[in-house]
Amino acid sequence: MKFKRETTMLNILREAQEQFQKIHKLLRSNALRNSAYYAHLNMATQEAYITMNEGMCANTTVCHQCAEHRDFLHSMLSVLEELEAGNPLSTDYETKLKTFSEKVTEILKKISAVLTSF
C-alpha cells in the first residue's frame, strides 16, 4: 500500500510542478496585461490550487508551510479575478503579483527537491 501512495504522491507532485511552471511562465512573460491574460493566469492558479488540495488530501502529514502556500494561492484567486474584471493595476496589485511570482518560484524549488528525493 505504501508503494501505491508514493506513486500517487509522485504523480500529484509532477502535476503540481507542471501547473506551477505554467504560472511561472505566465508571470514572467511579456504578454499584454489585459483581462484575457489575467483570466489565463487565474485559471492556471485555480488548477494549481486544486492540485495542491489533492496532494494535501492524499498525504495525511501536511507541513505547515504547504498549507500556507495553498492559502496564499487561494488569496491570489480573488486578486486575479479583480484584475480580470478590469480593475486597474494599482501599486497594491503589483506588490501582490511580485510576491506571487516569488512564492511560485519558491514552490517550484521545493517540488523539484522533493521529486529529486524520490
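Are phenylalanine 72 and phenylalanine 100 buried or exposed? I looked both up: phenylalanine 72 is buried, and phenylalanine 100 is buried too. I took buried as under 20% relative accessible area, exposed as over 50%, and partly exposed as in between, with a 1.4 Å probe and protein chains only.

**Ground rules**

I note that this is a predicted model, in which local features need pLDDT of at least 70, side-chain atom pairs count only at pLDDT 80 or more, and totals for chains, interfaces and linings use all residues. I number residues from 1 along each chain as its sequence is written, and side-chain values use heavy atoms, with hydrogens and water left out.

**Overall fold**

I looked up the secondary structure and found four helices and zero strands. In sequence order the pattern reads α-α-α-α. Helices (H or I, at least four residues) and strands (E, at least two) are DSSP runs, numbered from the N terminus. The chain has 118 residues, and 36% of them are buried. I then checked contacts, meaning heavy atoms within 4.5 Å. Of the contacts with a separation of 6 or more, 70% are between residues 24 or more positions apart. The accessible surface is about 7300 Å², with 56% of it belonging to carbon and sulfur atoms; the areas come from the Shrake-Rupley method with a 1.4 Å probe, and for residues only the protein chains shown count as cover.

**Aromatic pairs**

I searched the whole structure and got two aromatic pairs. The rings of tyrosine 37 and tyrosine 38 have centres 5.0 Å apart and planes at 75°, so I logged this pair as edge-to-face. The rings of phenylalanine 72 and phenylalanine 100 have centres 6.2 Å apart and planes at 50°, so this pair went down as tilted. The phenylalanine pair links distant parts of the chain, with phenylalanine 72 in helix H3 (residues 64-84) and phenylalanine 100 in helix H4, 28 residues apart. My rule was that rings of Phe, Tyr and Trp (its six-membered ring) pair if their centres lie within 6.5 Å; planes under 30 degrees apart count as stacked, over 60 as edge-to-face and the rest as tilted.

I also checked burial of the tyrosines: tyrosine 37 is buried at 6% relative accessibility, and tyrosine 38 is buried at 3%.

Lysine 103 lies over the face of phenylalanine 72, at 5.4 Å from the ring centre. A charge sits over a ring if NZ of Lys or CZ of Arg is within 6 Å of the ring centre and within 35 degrees of the ring normal.

**Asparagine 42**

I found asparagine 42 in helix H2 (residues 35-58). Asparagine 42 counts as buried because its relative accessibility is 4%. Leaving out residues up to four places away in sequence, asparagine 42 touches Leu77, Leu80, Glu81 and Glu84.

**Serine 101**

Serine 101 is in helix H4 (residues 91-117). I read its relative accessibility as 11%, so serine 101 counts as buried. Leaving out residues up to four places away in sequence, serine 101 touches Leu27 and Arg28.
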